[in-house]
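This report describes selected helices and their contacts. Please view the sequence and structure below before reading on.

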Amino acid sequence: MPDLPGYMVTCLHTGKLALLAIFVSAGIVLQILACAVYNNWWPMLTVLMYVMLPMPLMFFIGSDTSSLMSSGGDSWVDATKFMTGASAVGSVAIPAILKHADVICWGALAMELSSFFVFVLAIIFYMQMSTENEYSAF
């Protein structure tokens, strides 16, 4: 993108940020709809996992997400990977366990899992946005 003018690059970055906001909003809407449509608020338990999911990354890694993709690392990076993985598995396991216990129906399970995948797409999109150099065209 070095041949684009500065205002076009700024507009593209704003569009990426708007798309990220749409992904997060869609995930929240699906989460609430899974509860409100079927008049059962047990699926809101997964919100605890969504809140806990970024905590190890914020506390132990900070803004350096490149160390998550490497195979080597210190014990803090390994602990962060483990806790993030446990939170991600819990985000899928809670709705599955609730469905297995017949607490929620199939529609709520589908909405919960689609909400999880929308959040995962938003996280991947955010990580991709944060690794590219925003100011290369200026």
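What span should the 31 residues of helix α1 (residues 6-36) have at 1.5 Å a residue, and how far apart are its end C-alpha atoms?

## Basis

This is a predicted model, in which local features need pLDDT of at least 70 and side-chain atom pairs count only at pLDDT 80 or more, while totals for chains, interfaces and linings use all residues. Residues are numbered from 1 along each chain as its sequence is written, and side-chain values use heavy atoms, with hydrogens and water left out.

## Helix α1

Helix α1 should span 45 Å, and its end C-alpha atoms are 45 Å apart, which agrees. The expected span is 1.5 Å times one less than the number of residues. Helices are DSSP runs (H or I, at least four residues), numbered from the N terminus.

## Thr 46 in α2

Thr 46 lies in helix α2 and counts as buried because its relative accessibility is 0%. Its side chain makes a polar contact (a pair of N or O atoms within 3.5 Å, one able to donate a hydrogen and the other to accept it; residues adjacent in sequence count only if both atoms are side-chain atoms) with the side chain of Glu 112, at 2.8 Å. A polar atom of the Thr 46 side chain also lies 2.9 Å from the backbone oxygen of Pro 43.

Leaving aside residues up to four places away in sequence, Thr 46 is in contact (heavy atoms within 4.5 Å) with Gln 31, Ser 91, Ile 94, Pro 95 and Glu 112.

## α4 against α5

The axes of helix α4 (residues 75-100) and α5, lines fitted to C-alpha atoms over the stretch in contact, come within 9 Å and cross at roughly 175°. The two helices are therefore roughly antiparallel, a term for angles over 145 degrees. Residues of α4 in the contact include Ser 91, Pro 95 and Lys 99, and those of α5 include Trp 106, Leu 109 and Glu 112.

Lys 99 of α4 is buried, with a relative accessible area of 13%. Beyond four places in sequence, Lys 99 touches Ile 104, Cys 105, Trp 106 and Leu 109.

## Helix α5

The 26 residues of α5 should span 38 Å, and the end C-alpha atoms are 38 Å apart, in agreement. Buried residues of α5 include Leu 109, Glu 112, Phe 116, Phe 119 and Met 129. The buried residues of this helix pack against α1, α2 and α4.

Conventions. Buried < 20%, exposed > 50% of the residue type's maximum accessible area, 1.4 Å probe, protein only. Axes fitted to C-alpha atoms, helices over the stretch in contact; angles between N-to-C directions. Parallel < 35°, antiparallel > 145°, perpendicular 65-115°, else oblique.
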